[in-house]
Amino acid sequence: MKIHIVKDNIEGAELGYSIIKEALENKSLNVFGLATGSTPISFYDRLTASDLDFTDVVSVNLDEYIGIGADHDQSYHYFMNEHLFAKKPFKVNHLPNGLETDAQKECDRYDAIIASNPIDIQILGIGENGHIGFNEPGASFDSTTEKVSLTESTIQANSRNFDSIDDVPRFAYSMGIKSIMSAKKIILFAYGEKKADAIKGMIEDTPTTDLPASALQNHQDVIVIVDEAAASKLTK
Ligand code: GLP
């Protein structure tokens with residue numbers, strides 16, 4: 001893993017932008033894996049402020065809540081439209097369909113999309129408990145797209161975006177860890193001291209399914225962009 005400690009999320013976004021710009025220039029970004037959460041917003045703002053052209057690029061998002069549709073303002077469809085797609089058109093945008101009630105059908109559909117669109121660069125944030133996408137602690141490193149139950153800590157953390165904690169969906173569709181690991185390059189952003197334990201475990205501790213992001217130690221090309229607070233528990 002290559003670790004970059006940046007001053008703040010603006011500097012982090014600039015670094016992320018420069019990697020994407022170079023990949024587009026080299027024609028090595030055809031499929032772009034995208035993430036939601038507050039963390040990548042500054043990066044998406046930087047992309048939308050740029051003249052980068054994504055009209056030949058396919059996007060594949062990590063996950064979506066189950067039970068809310070694209071027009072719900074907390075759905076990941078809505079988030080992506082707001083922060084990126086409405087301003088930067090892509091060739092096509094793929095996200096799991098949170099309104100599909102047949103989980104097997106939806107997971108198979110999404111795995112087929114990932115199989116036919118191998119991800120060149122995957123953007124990641126990280127949950128306070130070390131989750132990536134919605135792969136919660138305990139998720140197998142061999143997982144592909146699954147219907148997952150969100151943990152109490154994730155429901156709690158994500159409730160800040162909903163009117164009440166009771167409104168937070170309890171389930172989601174998430175790309176699996178194996179699918180994330182199949183991306184050629186991964187860029188993970190993390191800011192703030194709430195992420196410090198997860199970042200320490202991800203980088204320095206022995207990989208364990210208790211901390212899903214630690215799987216990334218087994219990937220050849222991971223760029224970690226963190227601020228000082230998120231890096232504050234690193235010892236090496
Ligand atoms: C959600 C998303 C993750 C994201 C995490 C952290 O659970 N499924 O992809 O990394 O939240 O969110 P934030 O960046 O807001 O801290």
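Which residues does Leu 188 touch, not counting residues up to four places away in sequence? The model is predicted, so local features need pLDDT of at least 70, side-chain atom pairs count only at pLDDT 80 or more, and totals for chains, interfaces and linings use all residues. Residues are numbered from 1 along each chain as its sequence is written, and side-chain values use heavy atoms, with hydrogens and water left out.

Leu 188 lies in strand S9. Helices (H or I, at least four residues) and strands (E, at least two) are DSSP runs, numbered from the N terminus. Leu 188 is buried, at a relative accessible area of 0%. Buried means under 20% relative accessible area, exposed over 50%, and partly exposed in between (1.4 Å probe, protein chains only). The residues that Leu 188 touches are Leu 124, Gly 125, Ile 126, Ile 132, Ile 199, Met 202, Leu 216, Ile 223, Val 224 and Ile 225. Contact means heavy atoms within 4.5 Å. Leu 188 and Ile 5 are 183 residues apart along the chain, and their C-alpha atoms are separated by 12 Å.

Helix H7 spans residues 196–204, and its buried residues are Ala 196, Ala 198, Ile 199, Gly 201, Met 202 and Glu 204. These buried residues pack against strand S9 (185–190) and strand S10 (222–227). Asp 197 is also found in helix H7. Asp 197 counts as partly exposed, at 49% relative accessibility. Its side chain is joined to that of Lys 233 by a polar contact of 3.0 Å. A polar contact is a pair of N or O atoms within 3.5 Å; within protein, one must be able to donate a hydrogen and the other to accept it, and residues adjacent in sequence count only if both atoms are side-chain atoms. Asp 197 and Ser 28 are 169 residues apart in sequence and 33 Å apart in space, C-alpha to C-alpha.

Two loop residues are considered next. Pro 212 is found in the loop between H7 and S10. Pro 212 counts as buried, at 0% relative accessibility. Leaving aside neighbours within four places in sequence, Pro 212 is in contact with Asn 129, Gly 130, His 131, Ile 132, Asn 135, Glu 136, Pro 137, Phe 141 and Ile 177. From Pro 212 to Asn 158 the C-alpha distance is 18 Å, across 54 residues in sequence. Thr 145 lies in the loop between strand S6 (121–124) and strand S7 (146–149). Thr 145 is buried, with a relative accessible area of 5%. Its side chain makes a polar contact of 2.6 Å with the side chain of Asp 111. Beyond neighbours within four places in sequence, the contacts of Thr 145 include Cys 107, Tyr 110, Ile 114, Ser 174 and Met 175.

The largest pocket has a volume of about 710 Å³. On a 1 Å grid over the protein atoms alone, a pocket is an open set of points where a 1.4 Å probe fits, with protein on both sides within 12 Å along at least five of seven lines; lining residues have an atom within 4 Å of a point. Grid points are joined across faces, edges and corners, and a volume is the space filled by probe spheres set on the points. The largest pocket is lined by 34 residues, of which Thr 36, Gly 37, Ser 38, Asn 158 and Arg 160 lie nearest its centre. Strand S4 (63–65), helix H3 (76–85) and helix H5 (152–158) each give two or more residues to this lining. H5 gives the most, with 4 residues. By class, the lining has 12 nonpolar, 16 polar and 6 charged residues. Ala, Val, Leu, Ile, Met, Phe, Trp, Tyr, Cys and Pro count as nonpolar, Asp, Glu, Lys and Arg as charged, and the others, Gly among them, as polar.

Around the ligand are 14 residues, of which Ser 38, Thr 39, Asp 63, Arg 160 and Lys 195 come nearest. A residue is near a molecule if one of its heavy atoms lies within 4 Å of it. An oxygen atom of the ligand lies 3.3 Å from a backbone N or O atom of Ile 126. A polar backbone atom of Gly 133 is 3.1 Å from a nitrogen atom of the ligand. An N or O atom in the side chain of Asn 158 is 3.3 Å from an oxygen atom of the ligand.

The second largest pocket holds about 220 Å³ of space. Its lining includes Leu 24, Lys 27, Asp 51 and Val 57. Lys 27 lies in the loop between helix H1 (9–25) and strand S2 (31–34). Lys 27 is exposed, with a relative accessible area of 67%. Its phi is positive, about 60°, although Lys 27 is not a glycine.
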